[in-house]
Amino acid sequence: MSTLTATPKGAATRDAIIERAYEIARFSGVEGLSIGPLAQAVGMSKSGVFAHFGSREDLQLAVIEAAAVRFGEAVFLPALRAPRGVPRLRAVMQHWFEWVRGNSGGCVLLGSVTEYDDRPGPLRDQVQRNVQRWHDLLRRAIELAVESGHLRAGDPAQYVFELYAIPLTVHHNAGLFGYEQARHLGEQAVERWFAANAA
C-alpha cells in the first residue's frame, strides 16, 4: 500500500476508484478496465490513479476482490441468521437469486470466470480462490444440513455442484428470458433438490 492509500483520505479515494471501476467492469468486463478512461471517470490524473494501484493488474485484482466481498455480504452473511440445516441452505439460495436480480446488467464474478478460466496468472488465481470460497461455504452449509438430519448423507462435492448450478442457470436465463421466469424455475429446482435429497 502506498503512503497515499495509508491515510483515511487515501483509503476513501481508493474505495471511490474501486467503486467506479466495479461499475465499469459490470458492463465491460474486468478486461475492459483501463487506467486512462477510469481516471477521467473519477476526475483524476492517470498518475493519481497509479498512486493507489501500481498497475492495471493490481486494479483488476482489487475489483475482483471487491466483487467477492459484495457477494459474500449479500448472499452468505444474511443466510447465517437462518437456523442451520435446510432453512439456512434455502436462505442462501434465496439471497443468491436476489443477487441475480441486482446484477442483471452484469455480474463481475461470473464475467471474471469467463474471462480468466483459461488464462494462467494472478487474476485467474484470484477468480479460482473466489469460486473455491463459495464452494467451501456451500459445502459447510450442506454438511450442517446432513448433521441436522435434514438431508441424507451423500457426496458433498456432488451436492455442491448441483446446488451451485441452479443460481448460475437462473443468472444465465434471467438476461435472455426474463428474471421472474428464471427465478420461478430456479426456486422449483431448489425445492425438487431438497425433496430428492431429504433424509
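## Aromatic rings and a first helix

F71, F76, W96, W99, W134 and Y164 come together as one aromatic cluster. Keep in mind that this is a predicted model, and everything below is read from it.

Let's stay with the rings for a moment. The structure holds 9 aromatic pairs. A pair of aromatic rings is described by two things, the distance of the centres and the angle of the planes. Take F71 and W96: their ring centres are 5.3 Å apart and their planes stand at 75°, so this pair is edge-to-face, given that an angle over 60 degrees counts that way. F71 belongs to helix α4 (residues 56-79) and W96 to helix α5 (residues 86-102), so the pair ties together parts that lie 25 residues apart in sequence. Both of these residues, F71 and W96, are buried.

Another edge-to-face pair is made by W193 and F194. Here, too, W193 and F194 are both buried. The two pairs look like this:

| Pair | Centre to centre | Angle between planes |
|---|---|---|
| F71 and W96 | 5.3 Å | 75° |
| W193 and F194 | 5.7 Å | 70° |

The charged end of R133 is over the ring of W134, 5.4 Å from the ring's centre, and W134 is one of the residues in the aromatic cluster.

Y22 brings us to helix α1, where Y22 is among the buried residues. This helix covers residues 8-28, which makes 21 residues. From its first C-alpha to its last, α1 reaches 30 Å, close to the 30 Å expected at 1.5 Å a residue. Which residues of α1 are buried? They are G10, I17, I18, A21, Y22, A25 and R26. The cover over these buried residues includes α2 (35-42), α3 (46-50), α4, α5 and α6 (108-116). Just after α1 comes G29, which takes a positive phi of about 85°.

S112 is found in helix α6. Is S112 buried or exposed? Its relative accessibility is 1%, and because buried means under 20%, S112 counts as buried. What does S112 contact, leaving aside its neighbours within four places in sequence? The answer is V30, I64, D117 and V127. Of these, I64 falls within the residues 56-79 that make up helix α4.

Terms used. Residues numbered from 1 in each chain as written. Predicted model: local features only at pLDDT ≥ 70, side-chain atom pairs only at ≥ 80, totals over all residues. Heavy atoms only, no water. Phe/Tyr/Trp six-rings, centres within 6.5 Å; stacked < 30°, edge-to-face > 60°. Helix = DSSP H or I, 4+ residues; strand = E, 2+ residues; numbered from the N terminus. Buried < 20%, exposed > 50% of the residue type's maximum accessible area, 1.4 Å probe, protein only. Lys NZ or Arg CZ within 6 Å of the ring centre and 35° of its normal. Expected span 1.5 Å × (residues − 1). Contact = heavy atoms within 4.5 Å.
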